[in-house]
Amino acid sequence: MPIIFSLTNIQEHHFHSNINPEAKIMLITLLICLLLLGFYITKRTSRSRGVYLIDFTCYKPPDAQKLTKQFWVEQLKHVGNFSEEMVHFMRKILDKSGLGDSTYLADVLLKKDFDPCMIEARREMEMTVFGSIDMLLAKTGVRCEDIGILVVNCTIYNTMPTLSSMIVNRYKLKENIISYNLVGMGCSAGLMAIGLAQNLLQVHQDSYALVMSTEGVTENCYVGDDRSKLLTSGLFRVGGAAILLSNRPSDRHNCKYELLHTVHTNGSSSDPSYNCIFQEEDEAGIRGVTITKDLFKVASTVIRSNATTLGKLILPLPEKLRYLTNSIARKLRPTANIQPYIPIYGKSVELFLPHVGGKPMLDELQKNLGFDEIAMEPSRMTLYRFGNTSSSSIWYELAYAEAKGRVKKGNRVWQIAFGSGFKCSSVMWCAMRTVDYDEMNPWTDEIDGFPVDVDCDDEPLPIFFEPSK
């Protein structure tokens with residue numbers, strides 16, 4: 001050891017003695033530059049790529065597919081296995097739904113003797129999906145061969161080939177396209193598809209991602225006599241949305257929105273949560289989606305958890321401190337009956353766009369998150385005009401806000417959706433420019449007639465989500 005130490009000292013002394021001061025300064029400067037360069041490269045490679053929403057489109061079916069609530073009750077009465085009690089119950093559901101008399105259903109469901117077969121279900125999907133994507137490609141001018149990622153979500157319609165394969169075939173997308181087809185994931189799947197596309201865009205640079213969100217109502221129509229399965233037949237309507245995302249830096253200057261945050265909450269580990277929305281057959285073997293009485297309780301828990309997580313990212317510090325102080329006080333003094341503090345999310349977002357799960361659900365969201373009627377207008381008008389279009393409803397709401405001229409540069413937009421599982425997803429966008437007139441907006445030719453007063457029966461319906469015995 002002494003010999004090695006001596007040799008080291010001799011080498012260091014010899015090294016320093018043969019370098020003049022100017023060379024030492026240059027060497028130190030070079031080392032500092034290399035360290036700074038390494039730090040810069042590491043930071044650039046570890047930083048997430050920006051994700052930009054170039055544009056989106058919402059499908060608007062032809063007027064021939066419009067229906068009134070009264071027509072739908074009579075149609076179900078004619079073709080279904082309904083008792084008079086169930087017909088009355090369906091009327092009460094529609095009276096409380098918040099839907100208007102100009103929503104859309106698939107052609108086959110409007111016929112006198114409809115047969116919701118696979119051919120008709122595929123036809124509905126082709127009209128909605130191709131109609132949405134055709135408009136999107138026309139609006140953006142993006143070539144099909146430039147699309148590198150495809151994510152499609154549809155809960156009920158699930159066949160071979162998949163919807164994603166149907167799109168690849170129709171538009172002759174390239175062979176090495178990265179494609180995903182999400183099924184059975186409920187109304188929150190559209191924002192989950194955005195989250196999946198975001199993750200893929202972090203890996204594949206200079207890419208366009210096409211997201212298609214829709215739902216099939218042809219195979220979702222229940223005509224049995226179990227009241228717990230009637231809700232989907234009463235609320236769900238035809239609709240779909242196509243969204244184009246990009247991670248190309250150059251697109252930051254011509255996009256509509258930049259993606260800020262995605263938050264996903266999955267409550268499926270809880271049995272009540274898992275079972276509250278469940279597809280199954282009734283006693284007569286007719287397939288439908290059961291909505292249980294646990295839905296509101298489960299939804300409140302999962303949505304609150306999701307909103308709390310998002311709040312940690314977007315709320316100003318004073319709101320975070322008030323919420324934290326209230327939470328600690330309630331835990332330390334459980335018998336003091338301290339009311340929970342509801343953060344004022346309206347201070348952190350300019351546009352709030354919740355999934356239109358139905359009027360009772362919108363009422364609960366408004367009460368629990370503290371938004372006023374103006375903030376709730378896009379969702380209530382979307383429910384009234386288009387009904388519950390499942391995962392695409394949040395895009396009809398954003399289209400409403402754009403048509404009303406409410407999207408200004410710098411605005412923060414909060415989309416939140418929830419569905420079976422029970423799952424909840426939130427996405428936060430920042431408007432990169434003020435949105436002007438858009439002739440392909442589904443609201444453009446009628447926006448001056450909104451908002452409207454929604455005449456809705458507010459009398460409680462205790463058995464609304466109670467399964468038949």
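Contact, as used in these legends, means heavy atoms within 4.5 Å. This is a predicted model, in which local features need pLDDT of at least 70 and side-chain atom pairs count only at pLDDT 80 or more, while totals for chains, interfaces and linings use all residues. Residues are numbered from 1 along each chain as its sequence is written, and side-chain values use heavy atoms, with hydrogens and water left out.

View 1. Apart from neighbours within four places in sequence, the residues in contact with Leu-110 are Ala-64, Gln-65, Lys-66, Leu-67, Phe-71, Gln-75 and Leu-105. Leu-67 is 43 residues away from Leu-110 in sequence, and their C-alpha atoms are 8.1 Å apart in space. Leu-110 counts as buried because its relative accessibility is 18%, where buried means under 20% relative accessible area, exposed over 50%, and partly exposed in between (1.4 Å probe, protein chains only).

**View 2. The open sheet of nine strands.** The strands follow the order β5-β4-β6-β7-β1-β8-β13-β12-β11, with mixed pairing; two strands pair if DSSP finds at least two bridges between them. At the edges stand β5 (178-182) and β11 (351-354), each with a single partner strand, so one side of each is left without a neighbour in the sheet. From one strand to the next the twist averages 20°, with axes taken as lines fitted to C-alpha atoms, for helices over the stretch in contact, and angles running from 0 to 180 degrees between N-to-C directions. Within this sheet, β4 (residues 147-153) and β6 (residues 208-214) pair in the parallel sense over six bridges, and Asn-153 stands opposite Ser-213 in β6. Helix α5 packs on the sheet, touching β1 (52-58), β4, β6 and β7 (240-246), and its direction makes about 135° with that of β1.

**View 3. Strand β1 and its partners β7 and β8.** Seven of the seven residues of β1 are buried, so this strand is largely enclosed by the rest of the structure. With β7 it pairs in the antiparallel sense over six bridges, and Asp-55 has Leu-244 as its bridge partner in β7. Strand β8 (residues 257-266) also runs antiparallel to β1, joined to it by two bridges, and the partner of Tyr-52 in β8 is Glu-258.

**View 4. The largest pocket, with a volume of about 770 Å³.** On a 1 Å grid over the protein atoms alone, a pocket is an open set of points with protein on both sides within 12 Å along at least five of seven lines, and lining residues have an atom within 4 Å of a point. Grid points are joined across faces, edges and corners, and a volume is the space filled by probe spheres set on the points. The largest pocket is lined by 41 residues, of which Ile-156, Thr-232, Phe-236, Ile-277 and Val-289 lie nearest its centre. Among the elements that give two or more residues to this lining are α4 (84-97), α8 (230-235), β9 (277-281) and β10 (287-291).

Technical notes. Helix = DSSP H or I, 4+ residues; strand = E, 2+ residues; numbered from the N terminus. 1 Å grid on protein atoms, 1.4 Å probe; cavity = no way out; pocket = protein on both sides within 12 Å on 5 of 7 lines; lining within 4 Å.
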